[in-house]
Amino acid sequence: MPLGHITMLIPIIGLEVHVQLKTKSKLFCSCVAHEAATPNTNVCPVCLAHPGTLPVPNQEAVRMAVTLGLALGCRINSPSRFDRKHYFYPDLPKGYQISQYEHPVAEGGLVILEVPGGERPNINVGITRAHLEEDAGKSFHLDDGTTLVDFNRAGIPLVETVTEADLRSPAEAKAFLQELRLIVRTLGISDGDMEKGHLRCDANISLREYDDAGEIVGLTWNPKTEIKNLNSFRHVERALLFEINRQTECWKAGATPSVTTTRRWNDAKQQTEEMRTKEGAADYRYFPEPDIPPLVLAPLAEELKTMIPELPAAKRRRFVDEYQLKPADAKLLIEDPGLADFAEHAFSELAEWQGSLPEFAALDETEKKKGLGKLTKLCVGYLTSKLTGLLAERGSDIRIAHLTPENFAELITLVATNKLNSRTAVEVLGHMLETGADPSHIMEDRQLGQIQNTDMLAAAINRVIAGNPKEAAAYKAGKTALLQFFVGKVMKETEGTADPKMTQNLLVVTLEK
Ligand SMILES: [Zn+2]
């Protein structure tokens, strides 16, 4: 079909995501399941495929795969079976990979993806399947042409999650990957760190043509490109964008893709490069793994169903409903499960503080609720900007920092009741992170409290006025804009501990005397 009839080419994207499970041991042997600095140390006759050895499935890996399947809304196959996937590569010692083909652990799920600000803010992403398989070793190609192989990674359990081709842009693909990473982190089955190879992505993309009338042209999808082994969110986005442009050019030139091909992302050149035309399933000669009996998963699925923690999408909704957070704030907090937990504890502590403070005692129920909403809002601001900033500066994490939600909530109430201003609050928070002490003690020890003592403030104001007689005279002569000049001087005089509002009021009174 010449391009003249086509008004639009829409990207059709599906993902295959490998998640490395953080089990203690490998999928089919008792070797430690993580990579080591010294090559070929976490290996044994089973993962090196010595003759006569037998694979025994790791129960922990099976539980994790079923948990992920349930969290992705899939049905769990019972029985589920392992198959051999044949291909030859030096980092695959058996000459085949134990994977799953016709009876994966999980099939037919759905993830509702939120892409705030996207063209499609809510997307239903179908999950075709999620299956268990073993990782391969790693090849190192040296400059002199030799290749070395490290088998420490060989046999580490992976779950491969395959989506339907429901994604329509690189941004949506990235959002799905981030959501999947958050889900596996929430379930505690993987750290999902792309830089460390815990999460690796193959992206399938083709373009679909729409005619002048906005109708889809043709009944079938066009042959796709599979971009292999994308190992960062940035690579996923850039590779897909490059491929959209490349395929669009092919369409314009009348050379529409006729076969499915496999390409890799070359980050140095910022382009995808053809690797090979894609093998079909027949090329892999899949057949059932004869050494492993089928897995009867129904009882396990029943048990695990009750143990799935609250998933990110539900938690986002709840944070918005229960704490009246803005959706963007809820999303930001929930991106880090540790921070989300901390926030919830801090929110409930805030309610306690509110109940115990004289400032709030006289309020009626409606005012109290409104007040708590304000406190929560202030708290979210401190969590998402000031606290995360301070943690990042220290290379720390909310899980390891010496900070309790109780003390953090106290800090927020001190700000809310004007006992601390925002500048000193950050200073106090920094000390809290380092010492684990509560904010009132830090304020006392370091004299960081806001001056509310009017005598002390009046003395500071008198000193400032005495020190700036020209400006004081000008103010009295009607140049009232100088008020801010005096506020600044008083703040400096009190090292930022004065309450700005009180300072302003007292200055006006004193200057106009
Ligand atoms: Zn082993």
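Helices (DSSP runs of H or I, at least four residues) and strands (DSSP runs of E, at least two) are numbered from the N terminus. The structure described here is a predicted model, in which local features need pLDDT of at least 70 and side-chain atom pairs count only at pLDDT 80 or more, while totals for chains, interfaces and linings use all residues. Residues are numbered from 1 along each chain as its sequence is written.

Helix H1 spans residues 59-71. A residue is called buried if 20 or more other C-beta atoms lie within 10 Å of its own, exposed if 12 or fewer, and partly exposed in between, with C-beta atoms placed from the backbone. In H1, 10 of the 13 residues are buried, so the helix is largely enclosed by the rest of the structure. Among them are Ala61, Val62, Met64 and Leu68. Two residues are in contact if their C-beta atoms, placed from the backbone, lie within 7 Å. The buried residues of H1 pack against strands S2, S5 (106-114), S6 (122-134) and S9 (157-163), and also against helices H2 (170-187) and H4 (298-305). Just after H1 comes Gly73, which takes a positive phi of about 75 degrees.

Several loops have backbone features that deserve a look. Most residues other than glycine have a negative phi, and most peptide bonds are trans. Asn40 is not a glycine, yet its phi is positive, at about 55 degrees. Asn40 belongs to the loop between strand S1 (6-20) and H1, and is partly exposed, with 14 other C-beta atoms within 10 Å. Arg285 likewise has a positive phi, of about 45 degrees, without being a glycine. Arg285 sits in the loop between strand S13 (271-277) and S14; it counts as exposed because it has 11 C-beta neighbours inside 10 Å. The peptide bond from Ser78 to Pro79 is cis, with omega near 5 degrees. Pro79 is placed in the loop between strand S2 (75-76) and S3.

Strands S3 and S14 meet again in a sheet. Two strands pair if DSSP finds at least two bridges between them. An open sheet of 3 strands has the order S4-S3-S14, with antiparallel pairing. Strand S4 (96-99) and strand S14 (287-288) stand at the edges with a single partner strand each, so one side of each is left without a neighbour in the sheet. S3 (residues 83-86) and S14 run antiparallel and are joined by 2 bridges.

On the scale of the whole chain, the domain assignment gives domain 1 (3-305), domain 2 (312-446) and domain 3 (454-511). These bounds come from an automatic or database domain assignment. Domains 2 and 3 have C-alpha centres 32 Å apart, and 4 residues of domain 2 are in contact with 4 residues of domain 3. Helix H12 (residues 439-446) contains Met443, which counts as buried because it has 22 C-beta neighbours inside 10 Å. Met443 and Ala425 are 18 residues apart in sequence, and their C-alpha atoms are 9.3 Å apart in space.
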